[in-house]
Amino acid sequence: MQSHEFYMQRCLSLALLGAGHVSPNPMVGAVLVYEDRIIGEGYHERYGEAHAEVNCILSVKENERPLIEHSIMYVSLEPCCHHGKTPPCTDFIIQHRIQKVVIGCKDISAKVNGAGIDRLRTEGIEVIEHILEPEAIDLNKRFFTFHRRKRPYILLKWAQSKEGYIGSPIKRIKLSDDITNQMVHQWRAEEDAIWVGFNTAKIDNPLLSVRYTIGRNPTRILYDRTLDLDEQSFLFDQTQATLVFNHILESKAINRHLIKINPEHPIEQILTILHDQHILSVLVEGGRNLIGQLIELNVWDEARLIETDVSLKEGIRSPILTNHHKMKDQLSGMDVIHFYKNGTLL
């Protein structure tokens with residue numbers, strides 16, 4: 001007989017299939033088990049559409065539907081109990097007379113936060129909690145950070161030369177190789193937004209889109225205090241939204257949304273507004289000043305440092321990471337990518 005952990009691991013694997021498609025909802029997977037045999041499984045596939053539990057139950061073959069009420073449901077996150085884009089999953093579980101539900105971790109969002117578990121137990125359903133809980137929380141670290149810290153999950157990323165320079169103050173310089181660039185575009189597709197500093201936007205004129213992989217383009221973020229960036233910049237094309245935080249104007253256009261903030265504590269204001277706009281995660285791609293401010297304020301969660309084989313003996317020095325905990329190193333073509341977590345937030 002397989003353990004609860006075995007079936008919960010399947011839930012986590014299914015949940016990952018929704019990466020890049022369900023935000024600001026969490027990724028969730030579910031399986032339905034009858035006498036040690038999976039008869040249904042599903043995951044939350046796209047924001048606004050059916051949740052994992054519903055897809056799981058609906059996946060059961062017609063001739064096996066009488067087995068549903070005698071089966072155990074495994075789900076990586078506490079079922080929702082409120083009306084949102086879809087009806088409550090708890091009601092769907094109760095409707096199908098499932099008598100036992102095994103949960104990876106609790107949903108800490110204000111609309112759930114244990115109420116889904118309470119609803120099931122009130123209906124006489126046995127609920128088992130905390131199965132592979134650390135793994136379930138880590139799977140949705142963006143979601144949990146968003147609700148606990150009231151800000152998006154922040155990932156810092158930069159590439160540096162052998163000598164520790166990230167670029168030139170006067171022209172764009174390519175550092176990472178094509179294999180790494182393709183990986184970076186995959187990272188972009190997995191996050192809600194991408195943020196660059198003013199100097200990076202001016203010197204590199206980046207598109208900040210997903211071109212070398214399949215996925216959605218993230219929302220672009222720029223902090224341009226006095227709106228000095230050329231309006232012909234690629235950031236203002238109409239391929240994806242661009243939020244321009246500044247000290248002058250508030251307006252909306254097809255190619256850019258101007259958001260006025262106060263000069264004092266701009267980073268904190270930007271993070272609060274991004275939270276209010278339900279942006280769960282942000283990939284920060286430079287430059288040194290922006291990344292340095294986020295490090296100094298200790299409002300970052302992960303960092304991905306790309307150490308390249310390119311020699312650049314002068315230019316802009318790379319940021320200095322502090323409070324970091326090494327997770328792993330990964331070879332990528334001619335590059336080495338160092339992955340870090342914020343050691344103070346472990």
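User: Which residues in helix 6 (residues 141-149) are buried?
Analyst: Happy to start there: K141, R142, F143, F144, T145 and F146 are buried in helix 6. Buried means a relative accessible area under 20%, exposed means over 50%, and partly exposed lies in between, with a 1.4 Å probe and protein chains only. Helices are DSSP runs of H or I with at least four residues, strands are runs of E with at least two, and both are numbered from the N terminus. Just after helix 6, K150 takes a positive phi of about 55 degrees.

User: What kind of model is this, and how are its residues numbered?
Analyst: This is a predicted model, where local features need pLDDT of at least 70, side-chain atom pairs count only at pLDDT 80 or more, and totals for chains, interfaces and linings use all residues. Residues are numbered from 1 along each chain as its sequence is written, and side-chain values use heavy atoms, with hydrogens and water left out.

User: Why is R256 called buried?
Analyst: The relative accessible area of R256 is 15%, and the limit for buried is under 20%, so R256 counts as buried. R256 sits in the loop between strand 11 (251-252) and strand 12 (257-260).

User: Which residues is R256 in contact with, beyond its neighbours within four places in sequence?
Analyst: R256 is in contact with E231, F236, T242, V244 and S251; contact here means heavy atoms within 4.5 Å.

User: What makes the link between the side chains of R256 and E231 a polar contact?
Analyst: A polar contact is a pair of N or O atoms within 3.5 Å; within protein, one must be able to donate a hydrogen and the other to accept it, and residues adjacent in sequence count only if both atoms are side-chain atoms. The side chains of R256 and E231 come to 2.9 Å, so the distance meets the limit of 3.5 Å.

User: How do you know that K174 and D178 meet in a salt bridge?
Analyst: A salt bridge needs a side-chain nitrogen of Lys or Arg within 4 Å of a carboxyl oxygen of Asp or Glu. For K174 and D178 the N to O distance is 3.5 Å, so the pair qualifies. Both ends are exposed: K174 has a relative accessible area of 51%, and D178 has 57%. As background, side chains of opposite charge can pair when their charged atoms come close.

User: How many salt bridges does the structure hold?
Analyst: There are 18 salt bridges. One of them joins D192 and R216, with the closest N and O atoms 2.7 Å apart. This pair links distant parts of the chain, 24 residues apart: D192 is in the loop between helix 7 (178-190) and strand 8 (193-196), and R216 is in the loop between helix 8 (198-204) and strand 9 (219-223).

User: Are D192 and R216 buried, partly exposed or exposed?
Analyst: D192 is buried at 11%.

User: Where does D237 lie, and which residues does its side chain make polar contacts with?
Analyst: D237 lies in the loop between strand 9 and strand 10. Its side chain makes a polar contact of 2.8 Å with the side chain of R220, and another of 2.8 Å with the side chain of T239. The D237 and R220 side chains also form a salt bridge (2.8 Å, N to O). R220 has 0% relative accessibility, so R220 is buried.

User: Why are strand 2 (37-43) and strand 5 (126-128) said to stand at the edges of their sheet?
Analyst: The sheet is open, with five strands in the order 2-1-3-4-5 and mixed pairing. Strand 2 and strand 5 each have a single partner strand, so one side of each is left without a neighbour in the sheet. Two strands pair if DSSP finds at least two bridges between them. Strand 4 (residues 100-105) and strand 5 run parallel and are joined by three bridges, so they meet that requirement.
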